[in-house]
Amino acid sequence: MLLNVITGNTGKEKESRFNGCAFVVVTDYNEEMLTVLITGANRGLGLEFVRQYLATGWRVHATCRNIDDAVELKMLRGQFKHLHLHELELTDFSQIDKLAKNLSQHPLDLLINNAGIFGPKPIAEKDFRQKFTHLDYQIWSDLFTVNTMVPVKMSEAFIENIRSGDEKKIVTISSIVGSIADGEKGLIGYPSSKAAVNMAMATLAHELREENIIVNAVNPGWVKTDMGGNSAPLEIIDSIQQLRALFENLSLEQSGLFLDYDGNIIPW
Ligand SMILES: NC(=O)c1ccc[n+]([C@@H]2O[C@H](COP(=O)([O-])OP(=O)(O)OC[C@H]3O[C@@H](n4cnc5c(N)ncnc54)[C@H](OP(=O)(O)O)[C@@H]3O)[C@@H](O)[C@H]2O)c1
């Protein structure tokens, strides 16, 4: 059989390929196994994070709102014994607390706050409720809940798991539009929710630096997902490959920065 085992930079990852395709290998390296928790894992960037971390030998805790509907995740669970699925409506903070309690004995190397919502789209949907003079304040509040408060709540709920992990990393998938300096201006709701989560992550980085915990907000690029749409220039697989490489090499010196998927610093 054409099976190659490639050892990653950390020496803890193992990726296998069969005739050039990512291939499932479940081997006994539990002691060395790294663990990641990913929110919004049933589609888009979250699902690809799950696929790639599993393929490189990680234990993955994946959350989604409805496991019954998460067809791809259920298929992956059939292939990978180190995939654990958890049902989680992120706006219900009692559910977050409950999951944290259930996982309290499980160290986490990496928490990826990936889940997010964009809200109404003025161009694609001709819906202007995120624009000045048309603002729907409930929608803006929902954007803040999911995009800003949930990543902070998840970080609070799972901080003990991160403390007991080896890698000690928290990353929140933000967006370039959250950059006041560089972001495109036009909408109020989504960009302000991402600017606010950037501030929150910079604050967490400051709070946790002494414990060697690395915290970053990152921009995944403009990616072909339900949110990004078909005109997006980046394929999901490429964005996630670059983000994984970025996360793997993150240092404490970089903690608190807002980083692009290629590692460049994005100005606030
Ligand atoms: N795609 C891009 O071009 C782009 C660019 C910049 C930043 N981002 C950011 O990247 C992240 C992932 O985006 P994506 O493109 O993969 O988006 P997506 O395809 O729309 O997927 C969003 C994910 O978040 C989950 N989610 C939303 N609200 C939730 C809630 N209340 N509780 C639990 N899960 C919830 C969704 O679950 P359901 O399936 O149940 O709705 C889904 O799994 C987001 O934070 C987004 O803002 C994306």
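## Around the ligand

A residue is near a molecule or strand if its C-beta atom, placed from the backbone, lies within 6 Å of it. What surrounds the ligand here? A shell of 25 residues does, and the closest are Gly40, Gly44, Gly116, Thr225 and Gly228.

By class, that shell splits into 11 nonpolar, 10 polar and 4 charged residues. For the bookkeeping, Ala, Val, Leu, Ile, Met, Phe, Trp, Tyr, Cys and Pro count as nonpolar, Asp, Glu, Lys and Arg as charged, and the others, Gly among them, as polar.

## What you are looking at

This is a predicted model: local features need pLDDT of at least 70, side-chain atom pairs count only at pLDDT 80 or more, and totals for chains, interfaces and linings use all residues. Numbering starts from 1 along each chain, as its sequence is written.

The protein chain has 7 helices and 10 strands. Both are DSSP runs numbered from the N terminus: helices are H or I with at least four residues, strands are E with at least two.

Two residues are in contact if their C-beta atoms, placed from the backbone, lie within 7 Å. Among contacts in the protein chain with a separation of 6 or more, 62% come from residues 24 or more positions apart.

## H1 against H2

Back to H1: its axis and that of helix H2 (residues 71-79) come within 11 Å and cross at roughly 10 degrees. Axes are lines fitted to C-alpha atoms, for helices over the stretch in contact, and angles run from 0 to 180 degrees between N-to-C directions. H1 and H2 are therefore roughly parallel to each other, a label for angles under 35 degrees.

On the H1 side, Leu47, Val50, Arg51 and Leu54 make the contact, meeting Glu72, Leu73 and Leu76 of H2. Those residues divide into 5 nonpolar, no polar and 2 charged.

## Strand E8

Why is strand E8 (residues 169-173) largely enclosed by the rest of the structure? Because 5 of its 5 residues are buried. Lys169, Val171 and Ile173 cover one side, Ile170 and Thr172 the other, and all are buried.

E8 runs parallel to strand E7 (residues 110-113), joined by 4 bridges; Asn113 has Thr172 as its bridge partner in E8. E8 also pairs with strand E9 (residues 214-219) in the parallel sense over 5 bridges, where pairing takes at least two DSSP bridges. There, Val171 is partnered with Asn216 of E9.

Note on methods
Parallel < 35°, antiparallel > 145°, perpendicular 65-115°, else oblique. Buried ≥ 20, exposed ≤ 12 C-beta atoms within 10 Å, placed from the backbone.
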